[in-house]
Amino acid sequence: MSAAAELVALDRISVQFDLGGGGFLGGRRRVLRAAQDVSFSIAEGETLGLVGESGSGKSTLGNVVAGLQPPSAGTLRFRGRAMDAATWREARRSIQIVFQDPFGALDPRMPVSDIIAEPLRIRCIGSTAGRRARAAELVEQVGLPRDALNRYPHEFSGGQRQRIAIARALAPAPALIVADEPLSALDVSIQSQILNLMKDLQEAHGLAFLFITHDLAVVNHLVDRVAVLYLGRLVELAPRAELFARPSHPYTQALLASVPRIGVRRHRRPAISGEMPSPLAPPPGCVFHPRCPKAQDACRHDVPALAPAPGRPAQLAACHFKD
Ligand code: SF4
């Protein structure tokens, strides 16, 4: 990671959803713990990959960073300032989000020029002509033809719609884009084109990305550092090269064992046995212990802290017996 200034920081963020229950009918209240005590930061211009299975809490944390989900506990900072209603008003244009579904994310009744200019119009930024000019500039930057401006979302393929969504996110010149599984609704052949586009845009604009994905193989092509989530907990945080060369946490090791690599046969069976427990009833101690091949007694009682792996100060893992 470069020594660039901190852009966004999550400090002990937790997100819980109260699903009701209890009361005079008896029974226990059902509380879904989507994220528990998660801390990490993103530097200016950095791309951080946030990786985890479905139900790990990665989209919830992406929504916290994008200001769409208030945390239940903890602090979110942007350029050193703790976020509240007032600071969000200033920061909102600096943090944009691209969603997984390029079909649902674009208003089918709006032409592409209006879709791209919408974040500027909502914030009364620039004149109508200025916003139109900005949309024209962005449509070219994302590799679409000029005549796309006057067409409607249904006239485009999935990959092209994701380009439109990226152009819209770029419109207010953000410092950070939260990209929530931006490839998973696209054909494999299109995925690498969108990845390359994001890489090019990052270099051209000095943008930071929070790239959310279930696919470790994808982040290997794009990110500076990787944060691995399991059942709402951050279990490993490391520079990309270190994490891929020598994963420290048993969960990261298992995830990597299932990633196909050139010259190495993919494991035939899932590298991790069992299912992820419900976030309604996370296990005590280390949340990974029911599935961990290295689990010992302490793992069932004591929550492991995120701490450096032996001899690797930049590689943090939450494990009592980290490698
Ligand atoms: Fe496995 Fe224990 Fe480490 Fe958790 S703390 S990952 S159960 S060895």
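This is a predicted model: local features need pLDDT of at least 70, side-chain atom pairs count only at pLDDT 80 or more; totals for chains, interfaces and linings use all residues.
Ala, Val, Leu, Ile, Met, Phe, Trp, Tyr, Cys and Pro count as nonpolar, Asp, Glu, Lys and Arg as charged, and the others, Gly among them, as polar.

The ligand sits in the largest cavity, a molecule being assigned to a cavity if more than half of its atoms lie within 2 Å of its grid points. A cavity is a set of points, on a 1 Å grid over the protein atoms alone, where a 1.4 Å probe fits but cannot get out, and lining residues have an atom within 4 Å of a point. The structure holds one cavity of 30 Å³ or more, and the largest cavity contains about 80 Å³ of space, the volume being that filled by probe spheres set on the points, which are joined across faces, edges and corners. The lining is formed by P250, C286, F288, H289, C292, K294, A295, C299, C319, H320 and F321; eight of these residues are nonpolar, two polar and one charged.

Residue numbers run from 1 along each chain as its sequence is written. Local features need pLDDT of at least 70 and side-chain atom pairs count only at pLDDT 80 or more, whereas totals for chains, interfaces and linings use all residues; side-chain values use heavy atoms, with hydrogens and water left out.

Helix α3 (residues 112-122) is mostly covered, with eight of its eleven residues buried. Helices (H or I, at least four residues) and strands (E, at least two) are DSSP runs, numbered from the N terminus; buried means under 20% relative accessible area, exposed over 50%, and partly exposed in between (1.4 Å probe, protein chains only). The buried positions are V112, S113, I115, I116, A117, E118, P119 and L120, and their cover includes β6 (95-98), α4 (128-141) and α5 (158-170). Just after α3, C124 takes a positive phi of about 55 degrees.

L201 belongs to helix α6 (residues 188-205) and counts as buried because its relative accessibility is 4%. Leaving aside residues up to four places away in sequence, L201 touches Q141, V142, I166, L170, G206 and L207 (contact: heavy atoms within 4.5 Å).

Two further non-glycine residues have positive phi: A173, at about 55 degrees, and E181, near 50 degrees. A173, in the loop between α5 and β7 (176-180), is exposed because its relative accessible area is 54%. E181, in the loop between β7 and α6, is buried because its relative accessibility is 9%.

Conventions: On a 1 Å grid over the protein atoms alone, a cavity is a set of points where a 1.4 Å probe fits but cannot get out, and a pocket is an open set with protein on both sides within 12 Å along at least five of seven lines; lining residues have an atom within 4 Å of a point.
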